[in-house]
Amino acid sequence: MSQETPQRNLALDLVRVTESAALASSRWLGRGDKKRGDHAAVEAMRMSFGALDIRGTVVIGEGEKDEAPMLFNGEQLGTGNGPEVDVAVDPVEGTRLLAFGRPNAIAVVGLAPQGAMYDPGPAFYMKKMAVPAVAKYQVDIKAPVAENLRRVAKALGKTVDDLVVFVLDKPRHEELISEVRKAGARIQLHTDGDVAGALMATTPDGDVDMMIGTGGTPEGILAAVAIRIMGGEMHCLLDPQSDAERQAVLDAGYKLDQVLTVEDLVQSDDVFFAATGISGGTFLRGVQFTGTGAVTHSMVMRGKTGTFRRVEAHHSFDKLMRISSIEYLKPS
């Protein structure tokens, strides 16, 4: 059996990036200004990427859909040394969650070899179904909701009544919510945060058994990085939410009836993922300020080894501010 020399785990570098974004943006928790909070995270994340030995290109960024300050698609990140990688970022996944002090806002980053991530083109939205590893190969996004619930329950050794399903609380999901309730499953309704929802459904110790519903296409690809590492599954269908988006997707040559799997969205196992909690919740605890510093809680994953870590970091602002130009002490 051939063996490789252990290589640098970039996920352990990435967590410094998500920690910086979480620390900077968490000063805006509950202040009602999602753009200022997002801007703080973007600037902290951009600055932290500058210390990483990668030749990174943002392929899944933010900005166009949310009119955010953005780490824009095509932006170059890193020192210019090291591997060429695709970068997927969401400095604040759940900007409204942050602005209104609600749970489960997180800072997220994924890396993959150059060309390995799916290009969503003009497709802003996709229908998704995420399940843990034990239920992989058991679901079919084109099947009735009740049938998928039965299959997942069987794979988990549960009854449908035992299941908890993550659904975004949006008008477009009125029928979906009715179908889940009719089938007998329980629901967690969340206003935002479908990257967190997909992760909650696929992490081994999550409180959610599956995630269903339409959310952002970039967020789906970002979540797919982590889901591929954990061995879970996510089925997706492009789901335009306007006539203009639908026509743009069709004109670009995309098929609305094509089921996309995790392997379609991220075509490599040599991937890295990190997420840090901002506002807190059952999924990842938020930033806790101590008066002299802060405590952050993150998850860190590497695809080649399948290693999943939970990282609790204690930050001293007195020491951190001596070497960092990022403003952690107050809203900027």
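Contact, in this talk, means heavy atoms within 4.5 Å. With that settled, here is the structure.

This is a predicted model, so local features need pLDDT of at least 70 and side-chain atom pairs count only at pLDDT 80 or more, while totals for chains, interfaces and linings use all residues. Residues are numbered from 1 along each chain as its sequence is written, and side-chain values use heavy atoms, with hydrogens and water left out.

I start with the whole chain. The protein chain has 10 helices and 13 strands; these are DSSP runs numbered from the N terminus, helices being H or I of at least four residues and strands E of at least two. Along the principal axes, the C-alpha atoms fill a box of roughly 55 × 45 × 45 Å.

Of the 332 residues, 55% count as buried. Buried means under 20% relative accessible area, exposed over 50%, and partly exposed in between, with a 1.4 Å probe and protein chains only. Among contacts with a separation of 6 or more, 70% come from residues 24 or more positions apart.

Next, the cores. A nonpolar core is a set of buried Ala, Val, Leu, Ile, Met, Phe, Trp, Tyr and Cys residues joined through side-chain atoms within 4.5 Å. The largest one has 48 residues, and those touching the most other members are Leu-199, Met-234, Leu-238, Leu-265 and Phe-273. Helix 7, residues 217–230, gives this core its largest share, 9 residues. A second, separate core has 34 residues, including Ala-22, Leu-71, Ala-105 and Phe-317.

Now some single residues. Ser-25 belongs to helix 1, which covers residues 10–25. Is Ser-25 buried or exposed? Ser-25 is buried, at a relative accessible area of 0%. Beyond its neighbours within four places in sequence, Ser-25 is in contact with Gly-37, Ala-40, Ala-41, Val-92, Leu-98 and Ile-278. Arg-150 is 125 residues from Ser-25 along the chain, and their C-alpha atoms are separated by 40 Å.

Pro-113 is in strand 4. Pro-113 is partly exposed, with a relative accessible area of 25%. Which residues does Pro-113 touch, not counting residues up to four places away in sequence? They are Glu-84, Val-85, Asp-86, Ser-268, Asp-270 and Val-271. Asp-257 is 144 residues from Pro-113 in sequence and 28 Å away in space, C-alpha to C-alpha.

Last, backbone angles. Most residues other than glycine have a negative phi. Asn-104 is not a glycine, yet has a positive phi of about 75°. Asn-104 sits in the loop between helix 3 (95–99) and strand 4 (106–113), and counts as buried at 6% relative accessibility. Tyr-137 is not a glycine either, and has a positive phi of about 70°. Its place is in the loop between strand 5 (125–131) and helix 4 (145–156). Tyr-137 counts as exposed, at 69% relative accessibility.
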